[in-house]
Amino acid sequence: MHRRIVLALVCALGLRAQFHAGAGSRLISPDVQDYSKAKVYLAGFDKDRKATGIHDPLYARCVALGVGPAKASPPLLICGIDSIGLFWDDVLRIRKALTSRKVVYKGLIVAASHSHQTPDTMGLWGPGEKTGIDEKYTSLVVERTADAAVEAIRRMVPARARVVTVRSPELDRFIDDDRPPKRHDSDVVALEALDAKSGKPLAVLLNWANHPEALGSKNKLVSADYVARLRTRIEELHLGAVAVFANGALGGMQSPLGAEVPGGLKDGTFEKADYIGARVADMTCAALDKAADVEIGKVEYREKMIRIPVSNAGFKVAMEKNIYNGRKAWNPDGTTTTVVGMFRLGTVLEGATVPGELYPELSMGGIERYRGADFPDAALEPAIKGSLMRAPHRMLLGLANDEVGYIIPKAEWDDAAPWLNGAKKRWYGEVNSVGPEAAPLIAKALAELFGAN
Ligand SMILES: [Zn+2]
């Protein structure tokens with residue numbers, strides 16, 4: 001009898017410690033029948049670029065990751081959405097939608113893919129000085145992302161996991177960088193969850209840093225850009241999996257535009273976008289197929305609210321003209337409130353969430369001191385992947401839970417002449433950044449979250 005009780009206890013504990021995963025997916029394409037009569041402003045390039053149609057469907061996709069069933073242990077939700085960027089105000093609406101549906105979770109990360117062929121959810125790409133936000137559409141994104149999260153939890157089952165980091169010169173060649181230092185974070189980091197009983201793929205969460213803007217500024221069709229083919233290819237190779245994409249450190253300026261691909265495929269074509277997406281998927285699946293299962297006995301998530309001083313005059317004007325349509329309220333001290341986070345799966349995978357477009361040297365290390373910098377004596381921020389994380393596999397989710405623009409190392413900040421490295425004209429970057437304090441404050445908060453100080 002005694003032995004049986006012990007056995008039952010061990011079994012119960014064993015069950016509770018079992019990794020569980022599930023995935024959910026919802027369409028977030030604009031609800032438009034006739035594009036000639038609609039005003040869908042595509043975000044990311046010039047203002048007032050109205051969509052004339054749709055090329056491929058947009059998605060909100062979530063994975064739910066936990067140890068034990070969701071009822072016993074609230075899961076972490078990681079959602080990837082086909083969107084230029086979603087502000088913290090709207091992420092809060094998604095969290096409230098979950099709470100009102102009595103969903104209990106450990107954390108919710110909503111990472112925007114930053115596709116430049118999706119409807120304007122930030123307001124910056126409307127006509128003239130008007131907001132480009134269509135509130136009906138933003139509400140659709142909020143509701144359906146919540147739906148995808150609920151579905152992910154509902155589908156959670158005992159699961160096995162594999163994690164890979166794919167490093168390859170080919171991945172690096174898909175990224176063109178127009179500002180020194182030419183530093184990329186081109187590794188693909190992917191987590192695959194498989195049904196513990198059947199071995200069937202459940203989900204692949206893939207993290208890679210490159211602007212989804214291969215289709216360029218002349219395109220007028222709604223699209224997820226290279227992410228569309230990336231996902232369908234993963235789902236062809238790993239049948240049953242829901243592919244979830246999260247972008248990475250893509251600031252300053254990690255872009256497929258200008259990157260050469262075999263066959264001379266040109267910028268601004270679906271062929272180039274599809275080629276990149278398919279190759280990233282192929283390399284990831286090949287690595288996953290060879291990977292051994294990993295133990296995930298614990299899922300952690302922590303986040304921290306921070307206030308960043310806003311020095312960008314353009315952001316202030318946008319705020320005054322209500323371009324964000326009621327979002328991004330200023331604090332009385334001239335700061336904006338945003339959020340950073342960390343997650344950890346067992347001892348295998350760590351991840352950071354940053355609320356914008358991080359310069360890769362802030363993640364990998366390699367910040368440079370150039371002549372002409374505005375703050376030549378600024379302390380160098382600790383490298384997020386390079387020194388704050390310890391796990392063998394490291395994700396950095398960009399545009400996660402907010403979008404404050406470029407996050408530039410303070411030592412490389414350059415808003416006043418002379419320009420960095422003796423350049424004749426201003427470098428591109430600061431114009432789309434909240435200010436020089438963004439990087440030090442985000443790095444400090446992450447150092448606290450990772451316990452590294
Ligand atoms: Zn960008």
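Trainee: Is the crossing of H5 and H6 left-handed or right-handed?

Mentor: The crossing of H5 and H6 is right-handed. A crossing gets that name because the near helix is turned clockwise from the far one by less than a right angle. Keep in mind that this is a predicted model. The two helices, H5 at residues 226-237 and H6 at residues 270-290, pack at an angle of about 35 degrees, and their axes are 7 Å apart.

Trainee: Which residues make the contact?

Mentor: On the H5 side they include Tyr 226, Leu 230 and Leu 237. On the H6 side, Ala 273, Gly 277 and Cys 285 are among them. A pair of residues counts as in contact if the C-beta atoms lie within 7 Å.

Trainee: How do the residues of the contact of H5 with H6 divide?

Mentor: There are 12 nonpolar residues, two polar ones and four charged ones. Gly counts as polar under this scheme, and Gly 277 of H6 is one of the contact residues.

Trainee: Which residues of H5 are buried, and what covers them?

Mentor: Tyr 226, Val 227, Ala 228, Arg 229, Leu 230, Arg 231, Arg 233 and Ile 234 are the buried ones. The cover over these residues includes H6, together with E8 and E10.

Trainee: Why is Arg 162 called buried?

Mentor: The cut-off is 20 or more other C-beta atoms within 10 Å. Arg 162 has 20 such neighbours, so Arg 162 counts as buried. Arg 162 sits in strand E6. Beyond four places in sequence, the contacts of Arg 162 are Glu 192, Leu 288, Ala 291, Asp 293 and Val 294.

Trainee: Why is Ser 73 called partly exposed?

Mentor: A residue is exposed with 12 or fewer neighbours and buried with 20 or more. Ser 73 has 16 C-beta neighbours inside 10 Å, and therefore counts as partly exposed. Ser 73 is found in the loop between E3 and E4, and touches Gly 66, Val 67 and Gly 68, leaving out residues up to four places away in sequence. Ser 73 and Val 299 are 226 residues apart in sequence, but their C-alpha atoms are 9.7 Å apart in space.

Trainee: What makes E13 mostly covered?

Mentor: Five of the five residues of E13 are buried. Both faces are covered, with Leu 349, Gly 351 and Thr 353 on one side, and Glu 350 and Ala 352 on the other.

Trainee: Which strands do bridges join to E13?

Mentor: Five bridges join E12 to E13, and this pair runs antiparallel. Leu 345 has Leu 349 as bridge partner in E13. E12 and E13 form a hairpin with three residues between them, and Gly 346 in the turn has a positive phi of about 55 degrees. Five bridges also join E13 to E15, and that pair runs parallel. Ala 352 stands opposite Leu 396, and Thr 353 has Leu 397 as bridge partner.

Trainee: How many residues of E15 are buried?

Mentor: Four of the five residues of E15 are buried, and the strand is mostly covered.

Methods:
Residues are numbered from 1 along each chain as its sequence is written. This is a predicted model: local features need pLDDT of at least 70, side-chain atom pairs count only at pLDDT 80 or more; totals for chains, interfaces and linings use all residues. Axes are lines fitted to C-alpha atoms, for helices over the stretch in contact, and angles run from 0 to 180 degrees between N-to-C directions. Two residues are in contact if their C-beta atoms, placed from the backbone, lie within 7 Å. Two strands pair if DSSP finds at least two bridges between them.
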